[in-house]
Amino acid sequence: MKTVHTIADLRAALGTPGACAFVPTMGNLHEGHLALVRHAKRHGLPVVASIFVNRLQFAPHEDFDRYPRTLTRDSELLQGAGCDIVFAPDERELYPQPQSFKVVPDAALADILEGHFRPGFFTGVCTVVMKLFACVQPRVAVFGKKDYQQLMVIRQMTRQFALPITIEAGETSRADDGLALSSRNGYLGAAEREEAVALSRSLRALAEGFATGGQPLAQLELAAMSALAARGWQPDYLTVRRRADLLPPGSGDKAGALVVLGAARLGQTRLIDNLEF
């Protein structure tokens, strides 16, 4: 495995454009990231993984400065997963000038749910992903379903800009108790880690309640948020949406085309999760 830190070295290592598979990350890797690398390996192409903590997608009050930078450990994990090239630029390499040109996604998709609670987040995501796509020039890029809305935003951006890149989704990796793997799980104390699985359980209960019928969706969502809050969480949303566009389901939308999504803060740690049903 080769590690490069500049765009010039990356392009020299890659050679022909459009001849690799790409997994973008912010580092501090876990099994979920490695599963995405193994997914990318199926294409029989060289696999590039980027490690870059993107300032543009963090609000001033969020955890940019304390987000763990663990390049040595990450590189060892990536090598074990079969990654071929690690692209680990610093900020000056990826943003040699202030990034005044930005990719602003469709508000109908990007200003709801995560975008509502984290204004500007998806502009930061789209801008860095577009720049990474320009650097790596992959044929395939793999994003995890855990960041469900992000996956949809990136797919829409790729279609609308007619980028010659296939966006593939990797399934969410979970711990044995059902907690979705996340780099931010490392912020949790022992008691918080034990409690954290309540988010996925609440989402599953909400999905089951909707599929069963008998209660209005708004009532089910309010009850789910109230139950989580009673356990000491600060929920932002627990909601049922259509997979196609993340809008609330209509009377004709049934299980099989829906997703339940949630975001909530446990102590100082904000967790997100989703389940298709």
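The model is predicted. The notes below take helix H10 and then the protein as a whole.

**Helix H10**

- Helix H10 covers residues 198-212, and its 15 residues should span 21 Å at 1.5 Å a residue; the end C-alpha atoms are 21 Å apart, so the helix agrees with that expectation.
- An α-helix has 3.6 residues a turn, so residues three or four places apart point the same way.
- Gly213 follows H10 and has a positive phi, near 80 degrees.

**Overall fold and size**

- The protein contains eleven helices and nine strands.
- Its radius of gyration is 19 Å, close to the 19 Å given by the globule rule for 277 residues, so the protein is as compact as a globular protein of that length.
- The C-alpha trace spans about 60 × 40 × 35 Å along the principal axes.
- Of contacts between residues at least 6 apart in sequence, 72% join residues at least 24 apart.

**Burial, surface and charge**

- Of the 277 residues, 52% are buried.
- The accessible surface is about 13,100 Å², and carbon and sulfur atoms account for 52% of that surface.
- There are 30 positive and 29 negative side chains, and the centres of the two sets are 3 Å apart.

Conventions: Residues numbered from 1 in each chain as written. Predicted model: local features only at pLDDT ≥ 70, side-chain atom pairs only at ≥ 80, totals over all residues. Heavy atoms only, no water. Helix = DSSP H or I, 4+ residues; strand = E, 2+ residues; numbered from the N terminus. Expected span 1.5 Å × (residues − 1). Rg over C-alpha atoms; globule rule 2.2 N^0.38 Å. Buried < 20%, exposed > 50% of the residue type's maximum accessible area, 1.4 Å probe, protein only. Contact = heavy atoms within 4.5 Å. Areas by Shrake-Rupley, 256 points an atom, 1.4 Å probe, with all protein chains shown as cover. Lys, Arg positive; Asp, Glu negative; His and termini not counted. Charge placed at Lys NZ, Arg CZ, Asp CG, Glu CD.
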